[in-house]
Amino acid sequence: MMRPARKLVVGLLAILIVLVIVYMATNNKQETKVLDDVARNSAPGQFVTLSDGVTHYQLFGPDTGKQILLIHGGGIAGFEVWNQTIPFLVSKGYRVLTYDLYGRGYSDRPNIEYTPELLARQASELTAELHFTKELSIISMSMGSMVALDYRAEHSDQVKDLVMISPSAAGTYKSSKLLKIPVVSSLLMTFYWYPRAVENQRKEFVDQALFDQYAKRLEYFMNFEGYKHVNYSTWMHTLNQSKLEMFKEVPPNRILIIHGEKDPYFPAGSISVYSGVYPTVKDTTIANAGHMAHFERPAETNPVIFDFLNTLR
């Protein structure tokens with residue numbers, strides 16, 4: 001007869017084996033695509049190889065136009081979130097550069113830590129490579145505002161003003177303590193987070209029909225290898241960092257913050273966090289909009305951006 005202690009060990013071992021098998025089977029059904037040249041054939045724009053990998057970018061507008069750099073947030077769809085903004089800016093004569101951050105869109109997903117330094121380096125190398133070095137304005141959203149601030153700190157003579165849409169630059173993100181436990185974090189990312197990753201973003205939209213369209217692009221990009229690592233590393237190394245002190249380095253009246261009235265990540269009163277360190281910030285709330293006001297309510301948002309960019313000309 002098997003002793004109780006041995007029976008317990010055997011039982012636990014059996015459970016562990018089953019868990020490993022289920023984990024491997026589930027994990028193998030996720031991130032089933034490789035982001036290679038074949039996958040990139042359908043992408044618009046161009047590609048350039050920088051020090052940390054391939055970057056997908058696109059240039060719009062006349063060479064002689066005033067320059068605007070668009071920096072998207074942490075969303076996996078990359079610069080597609082500017083699809084309602086770019087045509088408007090081009091119609092006003094601007095020269096617009098947009099690109100996919102590492103880990104998003106069609107840019108590489110290097111198996112390294114996703115830090116503010118990595119993303120700032122990408123922006124600086126890209127603009128240098130493309131000779132996009134004249135005076136410019138930066139329009140950023142969410143996490144992209146961290147990149148915008150880092151870029152401005154390195155290129156203060158180049159950057160004239162900043163438009164931030166629902167910025168996430170205060171370091172307020174707090175991840176679950178369970179995610180700091182290596183094995184547990186892998187299980188949570190595979191069994192809990194990944195299956196819910198798209199639907200969890202529904203709350204960012206007021207217009208649910210628009211989200212359903214957007215979700216198709218999320219589902220497409222999240223199937224490329226590296227999606228879980230990119231998000232996990234971003235949580236651990238970027239979104240928990242504060243860039244508030246960098247606001248103080250910007251001359252007065254040079255920052256506009258736009259946020260949706262119903263943005264779950266930028267609730268009422270959030271603007272005070274930024275006005276506390278930058279008293280001359282200009283603030284506009286877009287009615288009936290969520291986290292991406294420029295994407296959800298372009299007719300209301302685009303004129304606000306244009307008016308600000310021309311105020312100090």
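The lining of the second largest pocket comprises eight nonpolar, eight polar and four charged residues, where Ala, Val, Leu, Ile, Met, Phe, Trp, Tyr, Cys and Pro count as nonpolar, Asp, Glu, Lys and Arg as charged, and the others, Gly among them, as polar. The model is predicted, so that local features require pLDDT of at least 70 and side-chain atom pairs pLDDT 80 or more, whereas totals for chains, interfaces and linings use all residues. Residues are numbered from 1 along each chain as its sequence is written, and side-chain values use heavy atoms, with hydrogens and water left out.

The volume of the second largest pocket is about 450 Å³. Among its 20 lining residues, those closest to the centre are E31, N111, G226, K228 and H229. Helices α1, α6 (182–196) and α8 each contribute at least two residues to this lining. A pocket is here an open set of points on a 1 Å grid over the protein atoms alone, where a 1.4 Å probe fits, with protein on both sides within 12 Å along at least five of seven lines; lining residues have an atom within 4 Å of a point. Volumes are the space filled by probe spheres set on the points, which are joined across faces, edges and corners.

The largest pocket holds about 960 Å³ of space. It is lined by 39 residues, of which S142, E204, W235, L239 and Y265 are the closest to its centre. This lining divides into 19 nonpolar, 16 polar and four charged residues. Both α8 (227–237) and α10 (271–275) supply at least two lining residues, and α8 gives the most, with four.

Helix α1 (residues 4–28) provides the largest share of the patch, nine residues.

The protein chain contains twelve helices and eight strands, defined as DSSP runs (H or I, at least four residues; E, at least two) numbered from the N terminus. Eight salt bridges are found in the whole structure, each a side-chain nitrogen of Lys or Arg within 4 Å of a carboxyl oxygen of Asp or Glu. One of them joins R40 to D108, with the closest N and O atoms 2.6 Å apart. Because R40 lies in helix α2 (residues 37–40) and D108 in the loop between β4 (95–99) and α4 (116–129), the pair ties together parts 68 residues apart in sequence.
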